[in-house]
Amino acid sequence: MRPSHYGINIRGRSRRLRLNYRTTAQNLKLALSILDDGDYSGALDSDDAGSDELTTRHGTYRSLMRGPAPEFFGAETLSEEFDHVARVLRAWLEDMGEEEHASPRIGILTRTKTQRDNLVRALEERGLRVQNIDRGGYLNGAPAVMTLHRSKGTEFERVILFGIDDQHVPYAVRGYHFDTDGHNEAMLRERSLLYVGATRARERLLVTWTRQRSAYLPR
């Protein structure tokens, strides 16, 4: 499956400016560092209000929005990661108000369906109402928990990328033997999938993991 399947075109050496309307410059900066294997800290000076261009080896990008920097949380145990996500989710729901919406404003994205189902169960045990999204559409405006694959084409005000650890991202290449080209393509698909997740957030983005973060995340 080619990277274009995820809506990403990184072929060639064009320096054409690409405008991003979906997410903030800060979130785009993180997303491009995942895809480009670049330096997150050097991509954009967050103190420079006049700078919103991000240059990578694949081109120059500009976002029309600015916002807070993405947040990162590494847990020692899975239970601790569940607890932190629950705390953040409660705070976000309180901050965003009680008004009912037809579709969710918060998305929580996982690499695998098992992660998704376990997270839904853990959040419900902690008294939070969420919806488990698989093949169907949204049931209501409650936060939507879905896989990175399922999140393609979606958009949320705020997003949590859950379980982005070295055991799950990359995931699809585990247990397979590739030649060099096949391995590189598989790893690019995994990077592309995480890029998709990071760009689902219009405003705020949180990335969490347990024990060892994914090598695709910036240090």
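# A guided look at helix α1

Guide: Let's start where two helices touch: N27, L28, A31, L32, I34 and L35 of α1 meet L188, R191, S192, L194, Y195 and A198 of α5. Here a contact means heavy atoms within 4.5 Å. By type, the residues of this contact are nine nonpolar, two polar and one charged. Ala, Val, Leu, Ile, Met, Phe, Trp, Tyr, Cys and Pro count as nonpolar, Asp, Glu, Lys and Arg as charged, and the others, Gly among them, as polar.

Visitor: What should I keep in mind about the model itself?

Guide: The model is predicted, with local features needing pLDDT of at least 70 and side-chain atom pairs pLDDT 80 or more, while totals for chains, interfaces and linings use all residues. Residues are numbered from 1 along each chain as its sequence is written, and side-chain values use heavy atoms, leaving out hydrogens and water.

Visitor: How does the reach of α1 compare with the expected span?

Guide: From first C-alpha to last, α1 reaches 16 Å, close to the expected 16 Å. That expectation is 1.5 Å times one less than the number of residues.

Visitor: How do you know which way α1 runs relative to α5?

Guide: The axes of α1 and α5 (residues 180–198) come within 8 Å and cross at roughly 175 degrees. That makes α1 roughly antiparallel to α5, a label for angles over 145, with under 35 degrees roughly parallel, 65 to 115 roughly perpendicular and the rest oblique. The axes are lines fitted to C-alpha atoms, for helices over the stretch in contact, and angles run from 0 to 180 degrees between N-to-C directions.

Visitor: Why is R189 called partly exposed?

Guide: R189 sits in α5, and because its relative accessibility is 23%, R189 counts as partly exposed. Buried means under 20% relative accessible area, exposed over 50%, and partly exposed in between, using a 1.4 Å probe and protein chains only. In α1, by contrast, twelve of the twelve residues are buried. R189 and L35 are 154 residues apart along the chain, yet their C-alpha atoms are separated by 9.6 Å.

Visitor: What makes a group of residues a nonpolar core?

Guide: A core is a set of buried Ala, Val, Leu, Ile, Met, Phe, Trp, Tyr and Cys residues joined through side-chain atoms within 4.5 Å. The largest has 26 residues, and V159, L161, I164, L194, L205 and V207 have the most contacts inside it. α1, β7 (144–147), β8 (156–161), α5 and β9 (201–210) each supply at least two of its residues, and α1 gives the most, with six. Apart from this core lies another of 21 residues, among them F73, A86, I106 and V145.

Visitor: Why does R211 count as exposed?

Guide: The relative accessibility of R211 is 63%, so R211 counts as exposed. R211 lies in the segment after β9 and has a positive phi of about 65 degrees although it is not a glycine.

Visitor: Where is the cis peptide bond?

Guide: The bond from V169 to P170 is cis, with omega near 5 degrees. P170 is found in the loop between β8 and α5. Most residues other than glycine have a negative phi, and most peptide bonds are trans.

Definitions and conventions: Helix = DSSP H or I, 4+ residues; strand = E, 2+ residues; numbered from the N terminus.
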